[in-house]
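Have the model open as you read.

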Amino acid sequence: MTPPLLQVTDLVKHFETGGGLFSRPRQVRAVDGVSFDITSGETLGLVGESGCGKTTLGRLVLRLVEPTSGAIEFDGRDLTRLDAPGMRAMRQQMQIVFQDPMGALNPRMTVGDLILEPLVIHGVGDVVSRQRRLLDLLGLVGLASYHASRFPHEFSGGQRQRICIARALALNPRFLVCDEAASALDVSIQAQILNLLADLKAELGLTYLFISHDLGVIRHISDRVAVMYLGQVVEIGAKSGIFAAPRHPYTRALLNSAPSRNRGKTRFAAIAGDLPSPANPPPGCRFHTRCPKAQACCRTDMPALAAIGPGHAAACHFPEPGP
């Protein structure tokens, strides 16, 4: 069996917030014991409500945020044990595409300088080879050579995201974290960016962790799906299983709450209750305060993420019946 390209084990990130002269700081449990893996060439979609810890998790696996505890293994190497030079070398293989392309691009730099910046920082190639690489990258993402001399404000949102993707690909990475990479775009442009990412994955053999709150986007682009709730992964499995037969009550509620078309009428059902604070999560199963199936043990005992079928796992004392 081929080992996974990325393996995350019991990953934890707690932030301290507040505190002062007469009060103690509180811990925000942004990511609290997450484990998953991604095989080479796969797209794992990560979905959940706003505030569940998706973005923090994406940045943790790249060590853009330092974990509180846990292991992050990329191609067999534990990133948490690497020093700064070792992590710098690994960043050539791991890149990120951010949600807001305008915020991710320096407005004072030309597109050519922005795309070439990773090559300059890592000392890859000479001036001539970098220019060739620039032209290749522009063509790869559907931009023209003359775009290299322009500035970010001269482009549309979709074009700016193409620039961000070109920059992320400059060092020939194997793994990309796409953090809401299409959510800030119009629907038609969003589809173009998603299709571009799918084409690049096939052409370059890329592996994605694709983060989104949009279930339609996750369904379109993912091979497997992980569902996150209040800092924890509560269900993970093949896309077909997650969407056709969700086993965790939260996953089912999340799917039911998404707008859908039924005989020309839009209908959706909101998830009951409010998302608890990650600074004070409920004991036991974290979803029990909103779960219609909650029983006494759910309020005291935290369920483990356990296999409930081939390649399918859920963290629930009373999972939904399978197909």
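This predicted model holds two cavities of 30 Å³ or more. A cavity is a set of points on a 1 Å grid over the protein atoms alone where a 1.4 Å probe fits but cannot get out, and its volume is the space filled by probe spheres set on the points. Local features need pLDDT of at least 70 and side-chain atom pairs count only at pLDDT 80 or more, while totals for chains, interfaces and linings use all residues. Residues are numbered from 1 along each chain as its sequence is written, and side-chain values use heavy atoms, with hydrogens and water left out.

**Cavities**

- The largest cavity has a volume of about 70 Å³.
- Its lining residues (an atom within 4 Å of a point) include C285, C291, C298 and C316, along with H248, H288 and H317.
- By class, that lining has eight nonpolar, three polar and one charged residues; Asp, Glu, Lys and Arg count as charged, Ala, Val, Leu, Ile, Met, Phe, Trp, Tyr, Cys and Pro as nonpolar, and the others as polar.
- The second largest cavity holds about 30 Å³ of space, and E180, Q190, F210 and D214 are among the residues that line it.
- Five nonpolar, three polar and two charged residues make up the lining of the second largest cavity.

**Helix pair**

- The axes (lines fitted to C-alpha atoms over the stretch in contact) of helix α4 (residues 111-121) and helix α5 (residues 127-140) come within 10 Å and cross at roughly 120°.
- Contact (heavy atoms within 4.5 Å) involves residues including I115 and L119 of α4 and L134 and L138 of α5.
- The residues of this contact comprise eight nonpolar, two polar and two charged.

Note on methods: 1 Å grid on protein atoms, 1.4 Å probe; cavity = no way out; pocket = protein on both sides within 12 Å on 5 of 7 lines; lining within 4 Å. Axes fitted to C-alpha atoms, helices over the stretch in contact; angles between N-to-C directions. Helix = DSSP H or I, 4+ residues; strand = E, 2+ residues; numbered from the N terminus.
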